Amino acid sequence: MSSQLPKLIVVVGPTATGKSELAVKIARNFNGEIISADSRQVYKGIDIGTGKITKKEMQGIPHYLLDVASPKRTFTVVQYKKLAEKAIKKIKKRNKIPILCGGTGFYIQAIVDGITIPEVKPDWKLRKNLEKKSNKELFEMLKKLDATRAKKIDAKNPRRLVRAIEVFLKTKKPIRKIKKSQDYDVLMIGIKKEKDELKKLTDIRLKKWLKQGLITEIKKLKKSGLSWKKIENFGLEYFWIAKYLQNKIILKEAVEKSKKDIEKYAKRQMTWFKKDKRIKWIKNFKEAENLTKKFLLKNSRRSPYKTASD
């Protein structure tokens, strides 16, 4: 049955592992186009601190779902799913291979597993009450309401915690149980890094971001009209640099706390992905190339390699 479904390649893994670079290589070799699956890269102006791919790094490969939302507004997984499915159809019409790439597990699951998520309108009164609670209180509340969702959520992201609680209270159903049949024949490729190597990579990348102007980017976001609270809600390095810019901590402390939070986040991402037995873990492009070639040749007479005429 899966052979009758449209093919979709998914590149996953924790932060700083080189997912974007791998996805571009696959796209160049196998006639693909890329759809981002990152819950922060959807926002305009949230660039450096999310590792958003640059035009140069894209190497001419079209990318979708970058810069599609204003950081002043909440962007939901429902909106993401609609736009991602629209992008997949567009890519297929162009006779290209859609490649979903990112580290936001819930976004990926919404597409790969065909989860139907209820369209719940914001309840501003409820949100105002929930926003008075600490992250820990919100997380404990979600655990009691929807334990499965709590296991997979970023426990330090108040925006997502509030939304998850809001959806449950309005639908009275755990999101994971609201499903439909699978829509795609999927190859899931995961980039595997050892713990020490991943820690080193996250440290190097944070230093690079600071040199590239992460602090200036956050100042610009504040100047554009975003509150400090809104900026902090983008999590990780945005949270701590915002604290530094409010003179609540010194820069050295902000950097150290950012490092620790990024490392914890990478660990949570890996915990999420390890549970999915469909993921084929690779260490280099050659392994990814072999998996992709085999996947695209399955039940197909056409070569998966990009040709001069493509």
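1. Lys-143 comes out as partly exposed because its relative accessibility is 39%; the cut-offs are under 20% relative accessible area for buried, over 50% for exposed and partly exposed in between, with a 1.4 Å probe and protein chains only. Glu-140 gets the label partly exposed too, at 34%. These two form a salt bridge, with 3.5 Å between the closest N and O atoms; the term takes a side-chain nitrogen of Lys or Arg within 4 Å of a carboxyl oxygen of Asp or Glu. They sit three residues apart in helix H6 (residues 135-145), so about one helical turn separates them. Helices here are DSSP runs of H or I with at least four residues, strands are E runs of at least two, and both are numbered from the N terminus.

2. A word on the model: it is predicted, so local features need pLDDT of at least 70 and side-chain atom pairs count only at pLDDT 80 or more, while totals for chains, interfaces and linings use all residues. Residues are numbered from 1 along each chain as its sequence is written, and side-chain values use heavy atoms, with hydrogens and water left out.

3. Back to the salt bridges, which number 18. Lys-81 and Glu-85 make one of them, at 2.9 Å from N to O, and both residues are buried. Being four residues apart in helix H3 (residues 77-93), they are about one helical turn from each other. An α-helix has 3.6 residues a turn, so residues three or four places apart point the same way.

4. Glu-289 and Lys-286 are bridged, with the closest N and O atoms 3.4 Å apart, and they lie three residues apart, about one helical turn. Glu-289 counts as buried at 12% relative accessibility, whereas Lys-286 counts as exposed at 51%. Also have a look at Lys-7, Asp-185 and Lys-298, which a network of salt bridges links.

5. Strand S2 (residues 32-36) is mostly covered, with five of its five residues buried. Gly-32, Ile-34 and Ser-36 point one way, Glu-33 and Ile-35 the other. In a regular strand the side chains alternate between the two faces of the sheet.

6. What does S2 pair with? One partner is strand S4 (residues 97-101), parallel, over five bridges, and another is strand S3 (residues 63-64), also parallel, over two bridges; pairing requires that DSSP finds at least two bridges between the strands. Ile-34 is bridged to Ile-99 in S4 and stands opposite His-63 in S3.

7. Helix H1 (residues 19-30) runs 16 Å from first C-alpha to last over 12 residues, close to the expected 16 Å; that expectation is 1.5 Å times one less than the number of residues. Its buried residues are Lys-19, Leu-22, Ala-23, Val-24, Ile-26, Ala-27 and Phe-30.

8. Finally, the cavity search: one cavity of 30 Å³ or more turns up in the whole structure, where a cavity is a set of points on a 1 Å grid over the protein atoms alone at which a 1.4 Å probe fits but cannot get out, and lining residues have an atom within 4 Å of a point. The volume of the largest cavity is about 60 Å³, taken as the space filled by probe spheres set on the points. Ser-39, Asp-154, Arg-160 and Tyr-265 are among the residues lining the largest cavity.

How values were computed. 1 Å grid on protein atoms, 1.4 Å probe; cavity = no way out; pocket = protein on both sides within 12 Å on 5 of 7 lines; lining within 4 Å.
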